[in-house]
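Thank you all for coming.

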Amino acid sequence: MNAKIKLENHDAQEIKYTTCYMCACRCGIKVTLEDNKVRFIQGNRNHPTNQGVLCAKGSAGIMKQYSTAKLTQPLMRKPGTERGEGIYEPISWEQALDVLTERLEEIRATDPSKLGFFTGRDQMQALTGLWAQQFGTPNWSAHGGFCSVNMAAAGLYSIGFSFWEFGAPDWDYAKYFLMWGVAEDHSSNPIKIGLEKLKRRGGKFVTVNPVRTGYSAIADEWLPIKPGMDGLLAMSMVHVLLKHEKFDYEFLVRYTNASWLVVQAPGQKGDGLFLRDENDHPLIWDIEKEAFRNGIDGDIAPALFGEYVAPDGRRVKTVMSMMVERYLDERYAPENVALECGLPAEAIERIALEMAHVAFKETVELPIEWTDVWGRKHDKVVGRPVAMYAMRGIAAHSNGFHSCRAIHMIQMLLGALDAPGNFRARAPYPKPIPPHQLPENNIDIINAPNTPLSRPPLGFPTRPEDLVIDEFGNPLRIDKAYSWEVPIASHGLMHMVITNATNHDPYALDTLILFMANMAWNSSMNTANIQDMLRAKDMENFGEYKIPFLVVIDAFHSEMTNFADLILPDTTYLERHDSISLLDRPISEPDAAADAIRYPLVKPDRDVRPWQEVMVELAGRLKFPAFTKPDGTPRFGGYQDFIVNYERSPGIGFLAGWRGKDGTKSLKGEPNPNQWEKYIENQSFFAHHWPDNQK
Amino acid sequence: MRLGLVIDLDVCVGCHACAIACKEWNASGTIGPLSDYQPYGAEPSGVWFNRIRHYEMDEYPNNKTVNFPMSCMHCEDADCVTVCPTGASYKRPEDGIVLIDQDKCMGCNYCSWACPYGARELDRSSGTMKKCTLCVDRIYDQDLPVEERQPSCVLTCPAHARMFGDFDDPDSAVSRTVRERSGFGLMPELNYNPTNRYLPPRSKPVIPVEPKSKGGLKESIKQFANKLVRR
């Protein structure tokens, strides 16, 4: 029948499974190899993230692998040439690491903050963060401050998880889906899979986006918002829900702090803070007991509305009352925001009421027994099937934090959070609101030579005392994160690093390490100016560059590499080991905790090394405590050894699958020396499916 | 057999995954290559079997962006075959796939002028015409897992907007879907009798609303009464 059609010679081929790295979704891929070359990349059908499909970028991974822009060997800027000229001399890895070690040893022994270590859209922040913490510099972050931070911070400070990686719409039960500022990204394949599911089931898809491209093209209704006005639209929807009394009273009482009391004492200390008892517990007014009671407790009947006089005589009001006062104001009425939002008032009101209809009249109930946080058993799970999702259009605007909080407010009013049909958390989220992790701000520890930070460089401040500033209020971080200027900078501000370091504001760096971060582009999208800054010299310091030593680690040549003093060439994602860890940015789905690995599928044809391998090596050379044995020799034989044997706390390591000596334990267990092999056997990912009552 | 594709315009987000997967499979496949011109140069371009057209229709609020993937329709009455002066273009009787014998093709472009769907392109590297083969080197490959014996564009489509199957079989998934969703062929008036079918956008769901308040003034806060709800 097909005499003329020649088929592939599969005998010459090999199939391997790994994890995509063409964007941050981290889909499972099935790779066909032929003669140490990639023949075909397709989606892995068994993978929880992409379930067999693959986007255009994923398939284009083959073009990345064979890109002519790959860096091939370590390079040192030729003495006597200037930054940007791109004249380099090849050096050996040994020489390169010696130069770098000597420089870093000196910084670490004198003033550790003089090292800046900033990374791009990497997926190894658990390791890079640990490395920076062990070095003792607060000057570390990845690219989130330039990307999702508004949205991530809004979520983590409001609902304990967030859009993008920490939660996902429940595509199996959602009947209404409102998408804010998402074009065709974050996440790519899961949203495409989900939109088709939703539409097949007859659910309604509404998109809020200035342009109708990407996902918005297939929306049932398009709200062509004026850029930056999403928050106002969300607040107007809050107005509509309140005006028509469409809110989930029980949800607000049980699962939010809407009943907590807020001190009303304008101009006085404590104004706007929660009323708390002597044990620091927030208080509510119990309408049954007619008394102030602990708002954390389970056996309370709190007033959702009302104004009271606290035992100390101060006026207090419930959060809900304050919200109602603010958002019922005519300022937020649809007809009064229509012009600013560029939307018909009718549409704003109708969409809000449609969501209310679906939330309250088309409720999903699943017969799943579960136990709540107060230990009480329930015989069913109630889901308000209105799902939402937001990403860059919200996150990348200067008002994104509050816009995103307004979106979460709609979810809370509808009771449409972390339940069937709405927006569900992905392990290890939800976490406490905000997560219990504070950034290092002890100036003595930060300044101490050869001393790790006692806490990670990034975290979630809740009080002025948590800010990373000195006694005069000056920022301690080069990017000024957690200063009065940017107090809730959950991901750091890598886009400010080159500007601040060039201006020596708040201080000068000695060495700046950039890993897969084309900061000439990533810094304020101002390539030419950033390149000028990297060329800028300090006439007061013998004509040295204002950023004296710049190290660029990348697999590819970019607008940045020609400005480096030292270039360390990295491997591609198909040439190295990686772990996509639950300690970091995991690939969990709402129904399963999941993580994944990469391992080398093809041998590099160049003198390149995986940066993670180099980081572990440098950590040993610099004798970081977590990377050093008591006798002073390196504790880990390399990256793979580190991933298997490093434990953040006993039993908790980078990879959650096949733990325990014999590989039989999940999530927690002793290191398993054969863990990498188990992952490779299992198509490079691990998924722990939650029993129904833990979902 | 009459093999072909169904493309669901209700869910195609225009992401080009199909076009890239096609490129990837066929660039170094046994019946390729699907040539690239200067893939790493300043102006990369090349030959495609499948291109996604994007159209904007109507005015707000009825406007719509339509993503329209187009590849060879594997017509029953394919003029591209009839006009071919060398006999390189042929339609396989056993499954209806239209192919080009690369050894016979002289790259004269007649077929591309005859095709109203823009499905044929001249490969400047090989000097021959190229077109979608429905991944004929995948769909009959017994060494591939059964579920992967599909065109690469269908395998990869993240929105599951593409289906592959036999339109001669009334019980095939493609035949059933076309019946249920009123699938249509493009430009039937030209009488080429294309095999591929497109599914139109579904009708929009209608959701009732239940407004309550007629007022909505700030004073309505006074209407909010506490309910006895125990946590």
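Predicted model: local features only at pLDDT ≥ 70, side-chain atom pairs only at ≥ 80, totals over all residues.

How many residues of domain 3 of chain A are in contact with domain 4 of chain A? There are ten, and they touch ten residues of domain 4 of chain A. Between them these two domains bury about 850 Å², and carbon and sulfur atoms account for 67% of that area. On the side of domain 3 of chain A, the residues that lose the most area to domain 4 of chain A are Tyr249(A), Leu328(A) and Trp374(A), which together make up 44% of what that side buries.

As for polar interactions, the count of salt bridges between domain 3 of chain A and domain 4 of chain A is zero, although four residue pairs there are in polar contact, with both residues at pLDDT 80 or more. If we sort the residues by class, the side of domain 3 of chain A that touches domain 4 of chain A has eight nonpolar residues, two charged ones and no polar ones.

Now let us turn to the two chains. Here 89 residues of chain A are in contact with 70 residues of chain B, and the area buried between the chains is about 7000 Å², with 56% of it coming from carbon and sulfur atoms. In chain A, the residues that lose the most area to chain B are Arg39(A), Phe40(A) and Arg45(A), and together they give 8% of what that side buries.

Between chain A and chain B the count is four salt bridges, and one of the pairs joined in a salt bridge is Arg230(B) with Glu288(A), whose side chains meet at 2.3 Å, N to O. Several elements of chain A each supply at least two residues to the side that touches chain B, including the strand β3 (37–43) and the helices α6 (189–200), α7 (230–243) and α11 (345–361). By class, that side of chain A has 41 nonpolar, 19 polar and 29 charged residues.

Technical notes
Residues numbered from 1 in each chain as written. Chains lettered and ligands numbered in written order. Heavy atoms only, no water. Contact = heavy atoms within 4.5 Å. Buried area = accessible area lost by both parts, 1.4 Å probe. Helix = DSSP H or I, 4+ residues; strand = E, 2+ residues; numbered from the N terminus. Nonpolar A, V, L, I, M, F, W, Y, C, P; charged D, E, K, R; others polar. Polar contact = N/O pair within 3.5 Å; in protein donor to acceptor, adjacent residues only side chain to side chain.
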